[in-house]
Amino acid sequence: VQLQAFGGGLVQTGGSLRLSCTASVRTFSNYVMGWFRQAPGKEREFVAAISGSADSTYYADSLKGRFTISRDDAKNTVYLQMDSLKPEDTAVYYCAAAPLSPIEQCTVVPDRPYDYWGQGTQVTVSS
């Protein structure tokens, strides 16, 4: 499984970006998808995840209301819409995938491990 993330860039505080991540898999809907980020000097942290059917999403508490994860299984793509961006959102953003368990078809299991990772895309928010 190969994941390719893109859509990062430089944006001013309060702006928006939409990240995309395309997966090279036969049946994209069989994978739970997640987004993570890593800021300079910090550990990687969870951002959001989405179930196989897209019926369920899960977010880091600090990001609820500003970030939205979605998926388009016909395009093998997961998205992360980021609004009202802040300088502290500056980080490299990674998408991740894992074969879903039966329960994950319609729900997200928090803190689950991911098997595949994309290369990351840089998001920089200027103050």
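Biologist: What is the volume of the largest pocket, and what makes a set of points a pocket?
Modeller: The largest pocket has a volume of about 150 Å³. A pocket is an open set of points on a 1 Å grid over the protein atoms alone, with protein on both sides within 12 Å along at least five of seven lines; in a cavity, a 1.4 Å probe fits but cannot get out. The volume is the space filled by probe spheres set on the points, which are joined across faces, edges and corners. This is a predicted model, where local features need pLDDT of at least 70 and side-chain atom pairs pLDDT 80 or more, while totals for chains, interfaces and linings use all residues. Residues are numbered from 1 along each chain, and side-chain values use heavy atoms, without hydrogens and water.

Biologist: Which residues line the largest pocket and lie nearest its centre?
Modeller: The lining has 13 residues, with F46, Y58, P110, D111 and R112 nearest the centre. Strands β5 (45-50) and β6 (57-59) each give two or more residues to this lining. Strands here are DSSP runs of E, at least two residues long, numbered from the N terminus. To be a lining residue, an atom must come within 4 Å of a point.

Biologist: How does the lining of the largest pocket divide by residue class?
Modeller: Ten nonpolar, no polar, three charged: "10" is the count for the nonpolar class. Ala, Val, Leu, Ile, Met, Phe, Trp, Tyr, Cys and Pro count as nonpolar; Asp, Glu, Lys and Arg are charged; the others, Gly among them, are polar.

Biologist: Why is strand β9 called largely enclosed?
Modeller: Seven of the nine residues of β9 (residues 91-99) are buried, so the rest of the structure largely encloses this strand. Buried means under 20% relative accessible area, exposed over 50%, partly exposed in between, with a 1.4 Å probe and protein chains only. Strand β4 is mostly covered too, with seven of its eight residues buried.

Biologist: How do you know that β4 and β9 pair?
Modeller: Two strands pair if DSSP finds at least two bridges between them. Eight bridges join β4 (residues 31-38) to β9, antiparallel. The pair therefore passes the cut-off. G34 stands opposite A96, and M33 has A97 as its partner in β9.

Biologist: Which other strands pair with β9?
Modeller: β11 (residues 121-126) does, antiparallel, over three bridges. There, Y93 is partnered by T121. β10 (residues 116-117) is also antiparallel to β9, over two bridges. Its Y116 is the partner of A97.

Biologist: What links β4 and β5?
Modeller: Five antiparallel bridges. G34 stands opposite A49 in β5. The two strands form a hairpin with six residues between them, and G41 in the turn has a positive phi of about 75 degrees.

Biologist: What makes C21 and C95 a disulfide?
Modeller: Their sulfur atoms are 2.0 Å apart. The rule asks for a pair of cysteine sulfur atoms within 2.5 Å, so the pair qualifies. C21 lies in β3 and C95 in β9, so the bond ties together parts 74 residues apart in sequence. Both cysteines are buried.

Biologist: Why is this disulfide given its handedness?
Modeller: The S-S torsion is about 55 degrees, so the disulfide is right-handed.

Biologist: Why does C106 count as partly exposed?
Modeller: C106 has 47% relative accessibility, so that class applies.

Biologist: How many residues are in the largest nonpolar core?
Modeller: The largest core has 31 residues; W35, L80, M82 and Y93 have the most contacts inside it. A core joins buried Ala, Val, Leu, Ile, Met, Phe, Trp, Tyr and Cys residues through side-chain atoms within 4.5 Å. A second, separate core of eight residues includes V32, A98, V108 and Y114.

How values were computed:
Helix = DSSP H or I, 4+ residues; strand = E, 2+ residues; numbered from the N terminus.
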